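The following paragraphs lead from the overall architecture of a protein to the surroundings of a single residue. Please consult the structure alongside the text.

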Amino acid sequence: MSVPPKMKSTIADNARMQNLKTTFEAKYGHAPLFYAYAPGRVNLIGEHIDYCGYSVLPMAIEQNILAAVSLNDSGSIQLANTNPLYSDFSVPCAEDIAIDRDNPKWYYYFLCGVKGIQEHIGISTLSGMSCVVDGTIPPSSGLSSSSALVCCAGLLTMEANEKSLSKVALAEICAKCERYIGTEGGGMDQSISFLAESGTAKLIEFQPLRATDVRLPDGAVFVISNCCVEMNKAASSHYNIRVVECRISTKLLAQARGLDPSGLLKLAQVQSALKASLEEMVSLVDEVLHPEPYGREEICKLLGITPEQFSTELLSANTQHMTHFKLHQRAKHVYSEAARVLKFKSVCDSQSPDSIQLLGDLMNQSHESCRDLYECSCPELDQLVEICWKSGAVGSRLTGAGWGGCAVSMVPTDKVETFLQAVREAYYQPDARRSQMEKQSLFVSKPAGGAAIVLEE
């Protein structure tokens, strides 16, 4: 897979880039050397299954993280943001870059990307950099603003230090290094940010990482709507609790079928070892795991491990407080959602007359599973999805981590304007705060291209 492209641009013709250049010059007293950007994404289907080893189906969106960069002789990395809510930060290049997991500020996500590239290429002292960051992805909205920032930082660190890495390598490095801030993600966000191509969604598969074009049907568009409840993955334990519940489910399912659970961490590994279909795995979950929550003592007894082993081998740093785990529900969601992803791609490939309706049905089933089995929705998101269904969406579902953030809706092209107006009137206008946020919260998105370096002509 090729390296991210370098594009020539007439900055004066791009208002956002020109504003960023002006801000950079006012801040540092000289022009940027180059720019780097990485897009956000919307996941069309396949929620909370990438970290279980399963394929997902996202597309990049036009909103992105854009950074202006120059080299400096100060021996430090100087960071600023066009958003006045985000404070400046500076760190010496010669020091080991520390990421404060308990304080997930914007610049720590940036430094995750820097540190990931530094460790991969083995440079003890990086080139000094001055950067100004500008973002158009609504933060904590489930559109991957944090991962796009990590990816943008990784890309510009590579460029500033005159290295060359493939898109796949960059995606894998940035997926791993986001864990510095404590998020145990599966790699979807970073993969689509680097591997996206304009005009097409992608089926992203893992181990090995690869991306396949998915042609979306003509006659419908995807509309993103933000419920205006923010959820920062790194600032809460919701996300990692689900990762842990899937890990425990993996062990119990493996043991129930006579497999050695010690080397198995992902639900996909159990399916692979059993050579079973996804439908058979759903049946196995119903057979083996009870719907009532499992306590620590029961899990330890079933797996033959001590409470200390349970804490150190199965839990993460921010899930040590957990006492009960909903294993049946989480595993059932993962296997059924993985099957929906494959069906979604199959329907897109067939381009049959009823494709739009079939895809919509799969999206609706996905939301119901996220809401009821995975419990990663919230009342506002459920209300918004209901409104989208009533306003003319063929399919609508939460997208991203959940517990807030966005819904994605598939809307027939000829109904887009009436859909947007109906959602505005029912969800945004009755609430003053939502009404204020509506402009950046409700929009149509086409599949955008992946991360790139931009040089001024």
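**From the whole fold to one residue**

The protein contains 15 helices and 15 strands, where helices (H or I, at least four residues) and strands (E, at least two) are DSSP runs numbered from the N terminus. Its radius of gyration, taken over C-alpha atoms, is 22 Å, close to the 23 Å that the globule rule (2.2 Å times the number of residues to the power 0.38) gives for 457 residues, so the protein is as compact as a globular protein of that length. This is a predicted model, in which local features need pLDDT of at least 70 and side-chain atom pairs count only at pLDDT 80 or more, while totals for chains, interfaces and linings use all residues. Residues are numbered from 1 along each chain as its sequence is written, and side-chain values use heavy atoms, with hydrogens and water left out.

The C-alpha atoms fill a box of roughly 65 × 55 × 40 Å along the principal axes. Of the 457 residues, 59% are buried, that is, under 20% relative accessible area (1.4 Å probe, protein chains only). Among contacts (heavy atoms within 4.5 Å) between residues at least 6 apart in sequence, 74% join residues at least 24 apart.

Glu 337 lies in helix H11, which spans residues 327-350. This residue counts as buried because its relative accessibility is 0%. The side chain of Glu 337 reaches the backbone nitrogen of Glu 47 at 2.9 Å. Beyond its neighbours within four places in sequence, Glu 337 is in contact with Ile 45, Gly 46, Glu 47, Ile 49, Ser 366 and Arg 397.

Key:
Buried means under 20% relative accessible area, exposed over 50%, partly exposed in between (1.4 Å probe, protein chains only). A polar contact is a pair of N or O atoms within 3.5 Å; within protein, one must be able to donate a hydrogen and the other to accept it, and residues adjacent in sequence count only if both atoms are side-chain atoms.
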